[in-house]
Amino acid sequence: MILPIVPYGDPVLRKISKPIDKDYPNLKELIANMYETMYGADGVGLAAPQINLNIRLVVIGFRPYDEKTDTYADKAVEYTLINPEILESGEGKDYFCEGCLSIPDIHEDVLRPTTIHLHWFDENFVEHDEWIDDMFARVAQHEIDHLDGKVFTDRLSTLRKTFVKRKLNDVASGKYAVRYKMKRKK
Ligand code: ZN
């Protein structure tokens, strides 16, 4: 089932989300719905606050890019992150142009660590403790920000923040057009 996505300006995106355990009700179904919602909106990541739930749950899915052949893999890789925690970050940082399903029409370069040491549980509550990099590390950091009440535009320079301010205000007041389902103000 496709769930409505919460737009920027909704207080649910500013709350610190709570960890969950195995007994969280209908977790399998919720995860399946989050993947469906994310792919339905052409996203590569979705955090639970974006579907109006303040719990520490993230889904990620993307087709890996191969530099050698300059093509994207046919099949997406998927990662479900439950209670993810960034334990440390690598030395290197780079810019990548990010967008967010909760913030239509804004795409900006964001500086983040290239590699992170991540601890999480997957959809079967199997524990993972790995250094991750590339697209996975990028999307994981963007989504974990959501669990901590942050969005990617918080990380822009003062100058870029000024530049996107009007668009952010437009989104917050419901002035945006998307082709996927958004939670509309009552
Ligand atoms: Zn986002």
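Modeller: An angle between two elements is taken between their N-to-C directions and runs from 0 to 180 degrees, and contact means heavy atoms within 4.5 Å. The model before us is predicted. Here α2 runs at about 150° to β2 and lies across β1, β2, β5, β8 and β9.

Colleague: In what order do the strands form the open sheet?

Modeller: The order is β1-β2-β5-β8-β9, and the pairing of these five strands is antiparallel. The edges are taken by β1 (45–47) and β9 (127–132); each has a single partner strand, so one side of each lacks a neighbour in the sheet. On average, neighbouring strands are turned by 35° against each other, direction ignored.

Colleague: Over how many bridges do strand β5 and strand β8 pair?

Modeller: Strand β5 (residues 77–89) and strand β8 (residues 116–121) are joined in the antiparallel sense over five bridges. Opposite histidine 119 in β8 stands glutamate 85. Helix α1 (residues 27–40) also packs on the sheet, where it touches β1, β2 (57–62) and β5, and its direction makes about 45° with that of β2.

Colleague: Which residues are the protein donors of the zinc ion?

Modeller: A donor is an N, O or S atom within 2.8 Å of such a metal. In this model, Cys100 (SG), His142 (NE2) and His146 (NE2) lie 2.0 to 2.2 Å from the zinc ion. Along the chain, the donors follow the spacing C-x41-H-x3-H.

Terms used:
Residues numbered from 1 in each chain as written. Predicted model: local features only at pLDDT ≥ 70, side-chain atom pairs only at ≥ 80, totals over all residues. Heavy atoms only, no water. Donors = N, O, S within 2.8 Å, 3.2 Å for Na, K, Ca; no water. Pairing = 2+ DSSP bridges. Helix = DSSP H or I, 4+ residues; strand = E, 2+ residues; numbered from the N terminus.
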